[in-house]
Protein chains: 2
Amino acid sequence: MSGTSAAVQLRTPDQRLAVRITESALAAEGVMDLPGFHSWFARRRAVDVAEVARIPFDALVGWGSEPGTGDLVHDSGGFFAVRGLSVEIPGAAVPSWTQPIISQPEIGILGILVKEFDGVLHCLMQAKNEPGNHNGVQLSPTVQATRSNYTRVHRGNPVPYVEYFQDTARHQVIADVLQSEQGAWFYHKRNRNIVVEVTEDVKLLDGFCWLTLGQLHGLLGGDDIVNMDSRTVLSCLPFSGADLATVFPLRPRSFGAAVIRSCSDEQGALHTTGEILSWITEAKARAVVRTRTVPLESVEHWHRTSHALSHETGKFFNVIGISVKAGHREITGWTQPVVEPVGVGINAFLVKRIDGVLHALVNARIQPGHLDVVELAPTVQATPGNYAVLPAAARPRFLTEILEADPARIRYDSLLSEEGGRFYHARNRYLVIEADEAYEPEDAADFRWLTLHQLVGLLRHSHYVNVEARSLIACAHSLVGRSDTA
Amino acid sequence: MSGTSAAVQLRTPDQRLAVRITESALAAEGVMDLPGFHSWFARRRAVDVAEVARIPFDALVGWGSEPGTGDLVHDSGGFFAVRGLSVEIPGAAVPSWTQPIISQPEIGILGILVKEFDGVLHCLMQAKNEPGNHNGVQLSPTVQATRSNYTRVHRGNPVPYVEYFQDTARHQVIADVLQSEQGAWFYHKRNRNIVVEVTEDVKLLDGFCWLTLGQLHGLLGGDDIVNMDSRTVLSCLPFSGADLATVFPLRPRSFGAAVIRSCSDEQGALHTTGEILSWITEAKARAVVRTRTVPLESVEHWHRTSHALSHETGKFFNVIGISVKAGHREITGWTQPVVEPVGVGINAFLVKRIDGVLHALVNARIQPGHLDVVELAPTVQATPGNYAVLPAAARPRFLTEILEADPARIRYDSLLSEEGGRFYHARNRYLVIEADEAYEPEDAADFRWLTLHQLVGLLRHSHYVNVEARSLIACAHSLVGRSDTA
C-alpha cells in the first residue's frame with residue numbers, strides 16, 4: 001500500500017481492555033479472599049496509628065504568616081499555602097465573595113498499579129493513615145504522593161512503587177490524565193491520575209495488598225474504607241467498551257444490567273457526545289467568572305482566632321492547625337494547616353434507565369477553584385447547613401428530591417472521606433438514587449442525562465468531570481454486579 | 001428491555017457526517033464556480049477598502065495608559081488590554097522574562113454555517129477586511145465576533161447570522177469547542193470554534209458566499225486568502241471516519257490517498273491515542289511554568305517611544321497604535337493598539353507515510369499564554385530572526401531540516417495571515433514537508449508522529465492543539481484530493 005516497505009505495525013486501541021476490566025469488576029474474590037482482607041486491614045488499622053491534635057497557629061513548626069499578606073506558608077516555599085481568593089460571578093445568586101483557599105500548584109501522582117493474577121486484573125492498594133481521616137487507615141492507591149513527597153523535598157523516605165509511574169515506557173499505561181480536585185477549597189489544584197499495568201513480578205511490601213475491582217467495589221459499599229484518591233483513579237479506568245452488555249449478559253431487568261449497558265458504547269445515549277460537548281462549550285463560553293488570589297488577611301467576613309480561621313456565621317469551613325505523631329509515615333511527626341469543613345455534605349446522582357440504559361443527571365457547574373471554571377458535577381453537591389446563611393436563590397436544584405427520596409429508590413448510600421492530607425474529618429454522603437423512567441425535570445438547562453460510557457469518555461481528558469462526580473462514577477460502576485433490583 | 005415502555009430513541013454518533021465532509025472536500029465546484037468566486041472576491045476587495053495608518057499612542061481615541069500600571073486599556077474597560085506578563089520556566093533555555101501581552105478574557109465566536117446544496121455541504125464564508133491584513137479583504141468565517149461585538153458594547157451594527165450560533169437548539173451542531181489562540185501574544189485567550197448545519201433557507205447577504213470544502217481547500221493554496229479564523233474553524237470539522245479510505249478509493253500511491261487513510265480511524269496509528277494522551281499528560285505534569293500579569297510599565301528590555309513599544313533588540317514584536325477608516329465595518333472609523341510581529345515566521349509540519357498512512361510530527365510545547373501551558377504545536381513554529389538574540393540552546397529543533405528541505409518534498413507552501421483584528425501584517429509561511437518513510441529523528445522526546453484522525457479527535461476538546469498547528473491541519477486536509485505525488 002505504501003511507497004516503501006514498512007516494518008512498522010500500525011496499532012489500534014486495545015478492544016480487550018474493557019472486557020478485562022469488567023471481568024475484574026465481576027470477580028468477587030481474588031488472590032486474597034475477603035475475610036483475609038478484613039483481618040489484614042484490621043491489623044493495619046491497629047498497627048498504623050497516629051496521634052492527631054488541634055494546635056494553635058502559633059505552634060505550627062516550619063509554617064508561618066507571610067509578611068504583607070498573612071498567607072499561611074511553609075518556610076521552604078514548598079508544600080502548599082493557604083491564601084485568599086476573590087471571586088466575582090456577575091448575575092449569580094452570590095455575585096462576589098472572598099474566602100481562604102489552598103494553593104498547591106504542584107501536580108502530584110495518584111497511581112494504581114494493576115497486574116493479572118489467574119487471568120484477572122488486580123489493583124495494588126495501600127492501607128494508609130492520613131491525619132485528616134477520622135478513622136485512621138483507609139485504602140489508598142499504590143502511590144499517593146505530592147511532587148514534594150516523591151522528589152523528597154522534606155527528606156522523607158522514598159515513595160514505594162513511584163518508579164512505575166515516573167518511567168512508564170516499559171509498561172502498559174491504562175489511564176493517565178490530570179484531574180482537578182475540590183473547586184471550593186483548592187485553587188487550580190490537579191493531580192495526575194494514572195493506572196499502569198505490569199506483567200513482571202512485583203514485590204509486595206508491608207501495608208499493600210492486591211484486590212480485584214469486584215472486591216474494591218464491595219468495599220466501596222462500606223463507610224470510609226476506600227479513600228478519595230482511590231476513587232478518583234478508579235473512575236478514570238476505561239470501563240467502557242463496544243459490546244460489554246453482550247459479552248456479560250446479566251439478568252435483563254436487574255440494575256446491574258442497566259449499569260453494564262450504560263458502559264457499552266454501542267447502546268447509544270439520550271444525547272450524542274457531540275451534543276454534550278456543545279452544551280459544555282456553551283456553558284464555559286457563557287460563564288463570566290473573575291478570580292484572583294488576594295492576601296489572606298484581606299478576606300472579608302472571616303475571623304482568625306489563635307486556633308482557627310472561620311467564617312463569621314460558623315458555616316462553610318475552618319482553617320486549623322494540627323500536629324501529627326505517627327510511626328508509619330515518611331517522617332515521624334509534623335505539624336500542618338488543614339481545612340475542616342463544617343457539616344457533612346451530600347454528593348448525589350439522580351439516575352434513570354432510558355430504554356434500559358442507565359443515565360446519570362450531571363450539572364455543568366461553575367466552581368471558582370477550577371482552572372477551566374466549569375466542570376460536570378453531581379446532580380446535587382451541597383452541604384445543606386450552608387444554605388441557611390445564603391440567599392434562597394442559591395439553594396441547590398434537586399436538593400429536596402434527594403433529601404426526600406423514597407428509600408426503595410436508593411441504589412448506593414455511603415459516607416466517604418475526602419483527602420486526609422489537606423482536609424480534616426471531611427466526610428460526604430454519596431448517594432445514587434434511581435428516578436422513574438418517566439421522570440423529566442423542568443427548568444434544568446444546566447443539567448443533562450449522560451451514560452457512564454459518555455462520562456468515562458470525558459474522563460480521558462482534563463477539565464470535564466469534578467472530583468465529587470468522579471467518586472460517584474466509581475460508586476455507580478461498583479453496582480455493575482448488582483442483581484437485586486428489578 | 002427496560003422496566004417501563006420507552007418512547008425515547010437512544011442515539012449514536014452520525015456515521016454519515018465524515019463521509020459528507022469528505023464529499024465536500026472532493027467537490028472542486030459548488031453553487032458558485034471558481035471564476036465566479038474570483039470575480040466576486042475581486043469586487044469585494046475593490047469595494048471594501050480601509051485606510052489604515054500608524055498613529056502615536058497619544059492619538060488613540062478611547063484608549064489610554066492605566067494609572068499605576070501603564071497598561072494600555074480602553075476607557076470602557078471592554079475590548080482588550082495590553083498588559084505585562086512575567087514568565088518563569090526553571091531549567092529552560094530562557095528561564096525567565098517579561099513581555100507585553102494582549103489580555104482578552106472574553107470568549108468570542110468563530111462560526112461557520114454549513115448547508116447542503118445539490119447534496120454537497122457548502123460553507124458560508126464572508127469577504128471581510130480586517131485592519132491588520134496587509135492585503136485588505138480575506139475570507140472569514142460566517143461569524144467572527146468578540147463578545148463585545150455581538151453584544152454590541154460599542155454600539156455597532158448587529159452581527160449577521162450570529163443568531164445561528166447563539167441558539168443552536170434548532171440546528172445540528174457539527175463542531176463546538178473552545179480553542180486557544182497565539183500563546184506568545186495572548187494571555188489565556190480562547191474563542192468558540194463552532195460549525196452549525198442548517199436545512200432551512202438562509203438569506204445570502206452582501207459580502208457572503210457559499211463554497212464547498214474543496215473550493216476552500218483550493219483557495220488555501222493561495223497566499224493570504226483564507227484567514228486564520230476560517231482555518232481554525234475548518235480544522236475542528238470532524239474530518240475523520242471509520243472507512244473513509246474505502247468509501248473514497250484514491251490512487252493508492254498518491255499523497256491524497258495517504259491523507260485520506262490518515263483520516264480513517266480504522267487504519268491505526270504508530271502510537272495508540274492512549275499513549276499520546278499519556279505523553280501529553282506527562283509533559284503537562286512535568287512543566288513548571290509560573291506566569292503572572294505585571295504592570296506594562298515594569299516589563300524589562302522593552303522601550304516605549306511615542307509610536308511603539310519595542311524590544312531593545314528590535315526583535316519579537318512591537319505594540320503600535322493604528323487608525324482605521326472603513327466604509328464596511330460595524331462603525332466607520334476607530335483607533336486601536338495592535339501587535340506587529342517582526343519578521344515572517346515559519347509554521348511547518350514534517351510528515352511521513354507509515355504503512356501508507358500520513359503522520360505529522362507534533363511538538364508538545366510550553367507557551368506561557370496558554371491556560372493549560374502545554375499544547376501540541378507544529379514540528380517547527382519559529383521566527384528565525386529572533387534566534388539571533390537568544391541562547392543557542394533556544395534554537396528550535398528541526399528548523400534546519402525545514403529551511404533546507406528538498407523542494408521536491410514540499411507538499412504545501414503558502415504565506416498565510418494571522419488574525420487581522422489584533423495583529424498588524426502578521427504573516428507566517430506554512431509548510432508541509434514530507435520526509436522519507438525511513439526518517440526517524442533522535443533525541444525528540446517532546447515530539448510524536450500523529451495521524452490526522454488522532455489530531456481531529458483531540459480537536460473535539462480544548463487545551464490540546466495550538467492555533468498554528470490547527471492552521472496546518474486545515475492545510476493538510478486541503479491536500480486530500482491531491483493525486484500528483486507518488
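How much area do chain B and chain A bury between them? About 4,500 Å², with 54% of it on carbon and sulfur atoms. Keep in mind that this is a predicted model.

Let's stay with the interface. On chain B, 50 residues are in contact with 50 residues of chain A. What kinds of contact are there? Between the two chains we count four salt bridges. One salt bridge pairs B:D372 with A:R190, and their closest N and O atoms are 2.5 Å apart. Polar contacts come next. There are 19 residue pairs in polar contact between chain B and chain A, both partners at pLDDT 80 or more.

Which elements of chain B give two or more residues to the side that touches chain A? They are β10 (172–180), β12 (190–197), α9 (273–286) and β20 (357–366). The most comes from α9(B), with ten residues.

Now the symmetry. Take chain B and turn it by 180°. With a shift of 0.0 Å along the axis, it can be laid on chain A with an RMSD of 0.0 Å. The two copies are thus related as by a two-fold rotation axis. The same surface serves both copies.

Is α8 of chain B largely enclosed or open? Helix α8 covers residues 255–262, and eight of its eight residues are buried, so the rest of the structure largely encloses it. Here is the list: B:F255, B:G256, B:A257, B:A258, B:V259, B:I260, B:R261 and B:S262. Notice that an arginine, B:R261, is among the buried residues.

In the loop between α8 and α9 of chain B sits B:S264. Buried or exposed? The relative accessibility of B:S264 is 0%, and below 20% a residue counts as buried, so B:S264 is buried. What does its side chain reach? The side chain of B:S264 comes to 3.1 Å from the backbone nitrogen of B:A245. Now set aside the neighbours within four places in sequence. B:S264 is then in contact with B:G241, B:A242, B:L244, B:A245 and B:H453.

Where is B:D118? Look in the loop between β6 (108–117) and β7 (120–129) of chain B. Phi of B:D118 is near 50°, a positive value in a residue other than glycine. B:D118 is exposed, with a relative accessible area of 77%.

The second one is B:H301. Find it in the loop between β14 (290–294) and β15 (302–304) of chain B. Phi of B:H301 is near 70°, again positive in a residue other than glycine. B:H301 is partly exposed, at 45% relative accessible area.

One last stop, in helix α1 of chain B, residues 16–25. That is the place of B:R16. B:R16 is partly exposed, with a relative accessible area of 46%. How far apart are B:R16 and B:P252 in space? They are 23 Å apart, C-alpha to C-alpha, and 236 residues apart in sequence.

To close, back to the pair of chains. Chain B and chain A are related as by a two-fold rotation axis, and between them they bury about 4,500 Å².

How values were computed. Residues numbered from 1 in each chain as written. Chains lettered and ligands numbered in written order. Heavy atoms only, no water. Contact = heavy atoms within 4.5 Å. Buried area = accessible area lost by both parts, 1.4 Å probe. Salt bridge = Lys/Arg side-chain N within 4 Å of Asp/Glu carboxyl O. Polar contact = N/O pair within 3.5 Å; in protein donor to acceptor, adjacent residues only side chain to side chain. Helix = DSSP H or I, 4+ residues; strand = E, 2+ residues; numbered from the N terminus. Least-squares fit on C-alpha atoms with pLDDT ≥ 70 in both. Buried < 20%, exposed > 50% of the residue type's maximum accessible area, 1.4 Å probe, protein only.
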